[in-house]
Amino acid sequence: MPPLPQPDLPEPAHPEVDSMLSRKFGKEIANYFSGSPLNRVGFLRPDHTFLSQALKHPSASFLVFNKLEPLIKSPSEPVYLKYADIKPIIGEDPFHKTEEDLIKEYNSEIYNPQLIFLGLDERQKGEGVFGYKDRYKGQPYFALDITPQKSAKEVAETLIKDVTSKGLDFSKGRMNLNLPAQEAAIYAEARHLLDWNARNPFCASCGNPTLSTNAGFKRTCPPRDIAPSVSTPDRPPCATRTGISNLSFPRTDPTVIMAVVSSDGQRILLGRQKRWPAYWYSTLAGFLEPAESVEEAVRREVWEESGIYLGRVVIHSTQPWPYPANLMIGAIGQAVPGGEEINLGHDAELEDAKWFSAEEVREALRVGTSGLGEEAGEGYKEGGLRLPPKTAIANQLMTAVVNGFVSGTPMI
C-alpha cells in the first residue's frame, strides 16, 4: 500500500526558553507517543467528587476501544464520544462512591467496564470549561473499554453497531502511527492502561480477583468479596494488604534501542529481522534486565545480537511505546577499535547486520522510510536501504547520528 503521511513530531516542553542545559546539550527531543496535552492531575484520581463532576461535564471526551482498537474516522482522525453515548455502558456514575466504600462493598460477580481518567486538557479556556476547586480547569478526557463481554455485552454491541453505521470504525492493527502527535500521546496513555488492567484481573499474591481503583491507575485486592457464589465473604490474609505494597500499579518495561557508530565515527550498524520487508533495516534493541544499568544493557544487547563491542554509551531520548507497556530508552554507542567484526552466532534474533555509510543512511532517511506494510517514499529505488518512519525512535537516533550528534558536525 502507498505510504500514509507521517505526522509531525511533538514539540518539547518550552522550546523557546534559553537555558544552560539547552545551550550545552541542544534542543530536547520529544518522540512520538510523548508530548501529551493533558495534565494528568494524578493526585485527584482518588477524589470521587472530582471524577464524578468531570465525568458528567458537557466537555468530557471519551476515547473508546474495542479489543484495544480505538474508534477512528480515518488513520489520522480519532473519534471521541460524549457522556450520553457511553452512559448505557458505564451506568449513571461509577464514581459516585468513595474508593473505601467500593472496596468494602466489593462483589466479584459485578462487571464494570474499564474506565480510565486520562487528564485535563488545559488548552481549553473560557466559559463552559470544566473547573474544580477554582484551581484545576480544562477539558476532561477518559478512556473506556467497550469490548462486548459479560453483563455489558448487549449494550456494547449496540453502541458498536451504532458508531460503525455512521461510517466510523475501530482501528485495525496495533501501531496507529498516523495520528497527530498530541492525539497519539492521548491514545498511548489510554491503550497502555486499558491493556494493563485487562492483563491483571487477579492478585499476583493470593490469586483472587482484583478491583480497579484510582480512576484506573491502580488495582487492589479487597479483604472481602460479597458475591453470592463466594462461601465466605472474608478473604484469607494477603500480603498486598499490608505495608506499602497494598496496591498493584501499572507496569512499564524499559527497553534499550541504540544507534551504533563505528570507532572512526563514519559508519552506522543496522540489523534486520526475517519478518521485515526486503532491504528494511533498523537500529538494534532489547529489554533491560534486572540489576543492569542502561549503558550496560546497550553494550550487552549489541554484543549478543551482533558481536560488536561498545565503549561509551550516551542516552539520546526516550519514547513511550504502548505495545503493551514499554519505555524505549534511545541511546547512541560507539564501537571500540578492534571490536567491529560482526558475529551473529550468539543470538539468533537477527537475520542480518551490516555497517552502512552515512551517505546510505541519509539517503534512506530522505526517501526510504515508511510504516511496515507500506511502500517506500517517493524517489526510492528498489534495492536501496529502507528504514522506519520518523514516528519511530530508531529513525530519530539515526537522524541524530548523521546530523553530527556524536562528532559535532554532520557525518560525511
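Here's a quick tour of a few spots in this structure. Keep in mind that you're looking at a predicted model.

**Where H3 meets H5**
- Helix H3 (residues 83-90) and helix H5 (residues 153-165) have axes that come within 8 Å and cross at roughly 155°.
- Angles over 145 degrees count as roughly antiparallel, so H3 is roughly antiparallel to H5.
- On the H3 side, the contact uses Asp-85, Ile-86, Pro-88 and Ile-89, while H5 brings Val-155, Ala-156 and Leu-159.
- Sort those contact residues by type and you get six nonpolar, no polar and one charged.

- In helix H2 (residues 48-56), the buried residues are Phe-50, Leu-51, Ser-52, Ala-54 and Leu-55.
- Their cover includes H3 along with strands S2 (61-66), S5 (115-121), S6 (131-132) and S8 (139-145).
- The N-terminal end of H2 has a cap: a side-chain oxygen of Asp-47 sits 3.1 Å from the backbone nitrogen of Thr-49.

**The annotated stretch**
- An unreviewed UniProt entry labels residues 250-378 "domain: Nudix hydrolase".
- Across residues 250-378, the chain is 18% helix and 36% strand, with 41 Å between the end C-alpha atoms.

**Leu-350, a loop residue**
- You'll find Leu-350 in the loop between strand S16 (326-335) and strand S17 (352-357).
- Leu-350 has a relative accessible area of 11%, so it counts as buried.
- Leu-350 and Glu-305 are 45 residues apart in sequence, yet their C-alpha atoms are 6.7 Å apart in space.
- Beyond its neighbours within four places in sequence, Leu-350 touches several residues, including Gly-271, Arg-272, Leu-284 and Glu-305.

Conventions: Residues are numbered from 1 along each chain as its sequence is written. This is a predicted model: local features need pLDDT of at least 70, side-chain atom pairs count only at pLDDT 80 or more; totals for chains, interfaces and linings use all residues. Side-chain values use heavy atoms; hydrogens and water are left out. Axes are lines fitted to C-alpha atoms, for helices over the stretch in contact, and angles run from 0 to 180 degrees between N-to-C directions. Helices (H or I, at least four residues) and strands (E, at least two) are DSSP runs, numbered from the N terminus. Angles under 35 degrees count as roughly parallel, over 145 as roughly antiparallel, 65 to 115 as roughly perpendicular and the rest as oblique. Contact means heavy atoms within 4.5 Å. Ala, Val, Leu, Ile, Met, Phe, Trp, Tyr, Cys and Pro count as nonpolar, Asp, Glu, Lys and Arg as charged, and the others, Gly among them, as polar. UniProt positions are given in the numbering used here, feature names are shortened, and annotations may be inferred rather than shown by experiment. Buried means under 20% relative accessible area, exposed over 50%, partly exposed in between (1.4 Å probe, protein chains only). A polar contact is a pair of N or O atoms within 3.5 Å; within protein, one must be able to donate a hydrogen and the other to accept it, and residues adjacent in sequence count only if both atoms are side-chain atoms.
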